[in-house]
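Here is a short briefing on one protein model. It goes by topic, with cut-offs given where terms come up.

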Amino acid sequence: MTAQATDPTQERLRRWRLVLGGDAADGTGCALQGQDAAMDGALTALYGKGDRQGQSGRDRSAGLGASAPSVARWLGDIRTYFPSSVVQVMQRDAIDRLGLSTLLLEPEMLEAVEADVHLVGTLLSLNKAMPETTKETARAVVRKVVEDLEKRLATRTRATLTGALDRSARVDRPRHHDIDWNRTIAANLKHYLPEYRTIVPERLIGYGRASQSVKKEVVLCIDQSGSMAASVVYASVFGAVLASMRSIDTRLVVFDTAVVDLTDQLDDPVDVLFGTQLGGGTDINRALAYCQSQITRPAETVVVLISDLYEGGIRNEMLKRVAAMKASGVQFVALLALSDEGAPAYDREHAAALAALGAPAFACTPDLFPEVMAAAIEKRPLPIPETA
């Protein structure tokens, strides 16, 4: 922290000065020195509006130029001055505002960036244009993000779904430690004895213990249009986690106007991600037709459609397929997004039509996804966020 920041009033002025950018109208009258001036320069390069004279008396220009060396220096600067979460936001803004995507095709640039889910999405969208000299570095960047996500999500997902599988296999003559007391009490309320203030259960309901054989089938059907990049990343990681559970038979299908089954690559989510093709149109009906053809045990199957629902195929046929799957016993889950970003722009008419079929569409965070899957496996109401 600089000297002028020791006084609370000056610290507030300093922060406002960094936010407002130093134009004559910022009103702070605060000059920046040392590291603060360097931070201001990094912010101006991204968020400035053209050449201007800085408060420090030095000429500064907005923009990073088109050269990899200048961008690499800027990336190094922001990693020095800002925390990782802020660096990721600034990188994302630089790609969106200044059109720096093509520079990510250079290995030196990839080594300088702070990797996150959104960067992975950008790399996947550039996959077909990526030269061979860059692909190895890109895979390393993607693998780091995927491994970090697996560490964060895998343990809780496995624990939550294992419990759901156990509870979904209820038995009528359970051992004491397998008794489901909530359901047992509910089923025996008529046997309440007021004088003793207790229930005498005539029927015990318990949890079955999931055996090593497959109990449930899960089909992840993922829209790979450009707006769904973060969802594709998270869904691929969750697909790998589900595939590692012996009691769940997992299938992963991605689609745009074509349908690609990537189930045989689920042991490595990085392979899954590089097997996707972000961008293009959308044919949800065709994708659901394929998924429907792969279902052999409807009553034990959960289909998860992850899409913004902008259908380029046959709308009525899509809805008929959803209705037919639900009628056969399939648990159908419609997610508008699987990411931390909230609901994207989506087709509200199609979302309303799915809700009318008993399949409400909502955005789901990665932290909520295990609970959503557990509810679907147990055939109970989904934990839909209040903001959905």
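Lysine 379 is found in the segment after helix H14 (369-378); helices are DSSP runs of H or I with at least four residues, strands are E runs of at least two, and both are numbered from the N terminus. The model is predicted: local features need pLDDT of at least 70, side-chain atom pairs count only at pLDDT 80 or more, and totals for chains, interfaces and linings use all residues. Residues are numbered from 1 along each chain as its sequence is written, and side-chain values use heavy atoms, without hydrogens and water.

**Positive phi**
- Lysine 379 is not a glycine, yet has a positive phi of about 60 degrees.
- Lysine 379 counts as partly exposed because its relative accessibility is 44% (buried is under 20%, exposed over 50%, partly exposed in between; 1.4 Å probe, protein chains only).
- Arginine 197, also not a glycine, has a positive phi of about 50 degrees.
- Arginine 197 sits in the loop between strand E3 (192-193) and strand E4 (198-199).
- At 71% relative accessibility, arginine 197 counts as exposed.

**Largest pocket**
- A pocket is an open set of points on a 1 Å grid over the protein atoms alone, where a 1.4 Å probe fits, with protein on both sides within 12 Å along at least five of seven lines; lining residues have an atom within 4 Å of a point.
- The lining of the largest pocket has 27 residues.
- His118, Gly226, Ser227, Ala229 and Ala230 lie nearest its centre.
- Two or more lining residues come from each of helix H4 (84-98), helix H6 (117-125), helix H9 (229-243) and strand E9 (331-338).
- H6 gives the largest share, six residues.
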